[in-house]
Amino acid sequence: CASCGTGCNVVVGSRQDRIYRLTPRRNDAVNSAWMCDYGRLNYRWVHREDRLTRPLSRRTGATDWGAVLDEVAAVLRSAPKRSAAIVASARLSNEELWLVKRLAAWLEARTDCVPRTGEPDHLLLHEDRNPNSNGARVLGVCFTEVGINLPYLAGDVEAGRIRTLIVVGEDLTRPELELPEGWLDRLENLIVGDLFPTPTVERAHYVLAGCGHFEKTGTFINAHGRVQRFRRAVRPPGEARPEAEWLAALLGRLTGRRPSHGARELFGELAAATPALRGLSWERLGDQGVTVEL
């Protein structure tokens, strides 16, 4: 379950790529044999009729992945170093955040994630509504506190120091973020990957149709430091692609060498390069996960 930082183990009941229910899967180290009602019912968004189903360049009208990614790569190649930033969601998998980190290194870009909190139930539902805040911290996409850099990034956009922004899986117009009015409109290039037509997507020059966690495979690190795998249950609609797939394709265009985009291979790479995860493998995680010291 990706509804909060607990990461309850679940079974997805689906048929013909439609989810009908979630039920708890026993893991005594996480949720025993229980799950909260909030998480149990948090799947219907997957089948919303307004899902983004293909990429889009608003500059040329292209809706083909190859053409849109070619345009995005050309924009990023022409962007001066340190003039770009990336805001990624802490609902992305570790493997996707690893690719975000590599893209940021190529661009010499600053990064952050978006905080998401709610009332805990002091049983299973955690106050951190992001499932992978610890993954974002461990991989260095955000730092001591999720979202701490967001006001500074917005300020640098307003000052003209950041001219290109990549946003993956977040709506930066949410009122609770308390970011300046109209700051996104000052960007020369806004590249957004998401599932739905949010106000941030509507402002984007390039839109990349992504997937929810039910539609892909990867790992999260829960609020208690347990690294857990999740597997795809249903296929995404239309031509939507997992973020790891289009991030890897974009990196390949920029570097000349396309990185791995399979979850197993990417996890092996990031675990070898991350001290807190060193020694872990996809196989060792198994179906119950492994707790690490963060």
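Two strands pair if DSSP finds at least two bridges between them; strands are DSSP runs of E of at least two residues, numbered from the N terminus. The model is predicted: local features need pLDDT of at least 70, side-chain atom pairs count only at pLDDT 80 or more, and totals for chains, interfaces and linings use all residues. Residues are numbered from 1 along each chain as its sequence is written, and side-chain values use heavy atoms, with hydrogens and water left out.

**View 1. Strand E7 and its partners E6 and E8.** Strand E8 (residues 206–209) runs parallel to E7 and is joined to it by four bridges. Strand E6 (residues 164–168) also pairs with E7 in the parallel sense, over five bridges, and Thr164 stands opposite Asn189.

**View 2. The two faces of strand E7.** In a regular strand the side chains alternate between the two faces of the sheet. Asn189, Ile191 and Gly193 lie on one side of E7, Leu190, Val192 and Asp194 on the other, and all are buried (under 20% relative accessible area, 1.4 Å probe, protein chains only). Because six of the six residues of E7 (residues 189–194) are buried, the strand is largely enclosed by the rest of the structure.

**View 3. The open sheet E9-E10-E11.** Three strands form this antiparallel sheet. E9 (218–221) and E11 (290–291) stand at the edges with a single partner strand each, so one side of each has no neighbour in the sheet. Strand E10 (residues 226–230) pairs with E11 over two bridges, and Val227 stands opposite Val290.

Note on methods: Buried means under 20% relative accessible area, exposed over 50%, partly exposed in between (1.4 Å probe, protein chains only).
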